[in-house]
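Today I am opening my notebook on aromatic rings and what surrounds them.

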Amino acid sequence: MRQDFPLMAGQLPAQDREIRSLLDSGRFEEADVAFDELTSIRPNLVGDQWNRATVLVHRASLAWRLDRIPLALELAAEGWTELDVDHPSGVSAAHTISMLGYLLETIGHRAPALELMALSVQVARKSGEKSTLAHCLTREANSLVFRAVGRRNESAAEQFEQARALFEEARTLASPGQVQRSALAGGSRAHAGVGDLDAAERLAHEALRLSGPVRDLFSSSVANWTLAVVRRAQDRLTDARTFASRALDGAESIRDTMLMMRFSLDLASICGQLSDPVGESEALRRTVDASSLAVETLQEGLGQALEQRRVAVQAQRMAMAAQEAALRDPLTGLTNRLGLERRAPVLLEQTAAKGRVPWLMLVDVDWFKDVNDDAGHAAGDAALQEVAHLLRRECRVDDLICRWAGDEFVVLLVDASEESGPAVAERIRAAVDAHDWRLVVGRMKQPPTVSIGVAAGPAELEHLFAAADIALYRAKRAGRNRVEIDDESSTQDESEMPTISPTDSR
């Protein structure tokens with residue numbers, strides 16, 4: 001089958017697109033091998049260049065058609081959760097929501113299926129991309145047709161009419177290709193459903209003409225099904241049986257569960273009308289009916305399992321987010337005191353195991369009370385956020401930065417060298433001192449600076465903290481805006497230590 005399916009254009013990795021092409025062409029052994037290669041490392045591994053929800057839902061569809069039911073449910077639940085979290089919009093989102101809805105319809109989880117497909121049409125209309133809208137319209141219309149078939153009431157007639165209108169709109173929007181063929185085939189069945197047999201036959205033959213050269217088995221199967229319905233309405237039952245058999249053969253070739261169940265039921269009914277022989281056709285009808293009931297029960301169970309899995313994944317993500325939030329300071333986004341107490345012992349142990357020296361810096365914002373009093377508490381909060389930003393900028397990604405309390409911060413340097421602690425502390429002090437604070441606190445007589453106490457290990461967190469606190473006290477008494485090192489962290493007497501920061505009165 002030619003790769004003219006719109007969803008494939010720039011939406012999915014090449015290997016995913018190739019597997020779909022193999023499935024649509026009925027080459028299941030090759031598709032099985034390719035799918036194993038794709039998912040050998042991790043089935044939910046998606047590159048950063050792709051929309052994660054789109055790839056996951058598409059792989060769920062592939063897994064379902066390859067009878068990998070548990071994997072299909074897991075991937076669909078994860079993809080669905082991605083959609084719930086991101087509330088996406090645009091072309092990719094429209095395709096993904098539509099595909100998920102059709103997969104749920106196939107599985108039998110029908111309650112949310114049609115809602116998702118209708119939502120995909122709304123998203124596609126907002127995107128303004130015609131081929132995307134055509135594709136979503138076709139999927140929703142196909143779902144309406146299959147819901148209407150077998151009913152004999154006003155609701156069925158309304159669904160057929162609604163589907164016909166959707167197919168007509170899709171045909172006007174679709175470029176030549178798979179969506180156009182699908183709209184023709186599905187539209188033919190919708191016309192038959194509303195009693196327009198001439199239009200139904202014309203559209204079905206057109207769909208067959210276009211589907212044959214590219215081996216589009218889905219569209220040709222639906223078109224043959226329409227012709228079976230038309231011939232049956234014309235009381236040409238032998239021809240109807242032939243077309244129904246072709247439709248079922250095509251559906252089995254691509255393993256489309258929804259088509260297989262519908263076509264087998266219609267074929268059994270036609271055979272029953274032919275009475276050739278009566279016993280066999282009746283047995284076929286009862287067998288199909290029993291199979292249908294069993295499959296519907298299974299599908300309902302699978303649908304419930306899918307929903308439970310999705311809820312479980314969502315709950316897990318929410319729990320992880322809540323746990324992470326509990327370890328974060330809401331104002332600055334830095335690790336909070338609880339986070340430091342939990343993470344620091346592990347980092348200290350890892351640093352010691354590598355033979356490295358851990359350094360702890362206790363950073364206190366100078367003149368912070370003046371900021372709050374003169375510029376206001378909102379400016380004070382902004383100043384703390386600015387200090388947090390400067391700390392992130394001057395430290396490495398692996399270093400642990402914490403807002404300890406009020407205007408105090410803690411920095412734990414991991415995997416550091418013996419000399420790095422004082423150097424990083426001085427870099428932080430200088431960055432804060434040189435920072436342009438006018439946009440944050442206005443033109444204050446005394447803009448914020450920081451005093452920093454530094455201590456080195458190896459030691460436990462409380463010992464490092466106590467030593468750094470003593471050094472910080474010395475920095476404050478010596479005039480602020482300076483770095484002081486804990487006596488035991490230095491190989492020199494305090495009187496012999498070089499000056500590493502200004503000692504002005506700020």
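Predicted model: local features only at pLDDT ≥ 70, side-chain atom pairs only at ≥ 80, totals over all residues.

Is Phe-263 buried or exposed? I found Phe-263 buried, with a relative accessible area of 0% (buried is under 20%, exposed over 50%, partly exposed in between, with a 1.4 Å probe and protein chains only).

Residues are numbered from 1 along each chain as its sequence is written, and side-chain values use heavy atoms, with hydrogens and water left out.

Next I searched the whole structure for aromatic pairs and got 3 (rings of Phe, Tyr and the six-membered ring of Trp, centres within 6.5 Å; planes under 30 degrees apart are stacked, over 60 edge-to-face, the rest tilted). One of them joins Trp-225 and Phe-263, tilted at 45 degrees with 5.0 Å centre to centre. Trp-225 belongs to helix α11 (residues 217-233) and Phe-263 to helix α13 (residues 257-274), so this pair ties together parts 38 residues apart in sequence. Helices here are DSSP runs (H or I, at least four residues), as are strands (E, at least two), numbered from the N terminus.

I then looked up Trp-225, which is buried at 2% relative accessible area. Ring pairs link Trp-225 with Phe-146 and Phe-263 into a cluster. The charged end of Arg-189 sits over the Trp-225 ring, 4.7 Å from its centre (CZ of Arg or NZ of Lys within 6 Å of the ring centre and within 35 degrees of the ring normal).
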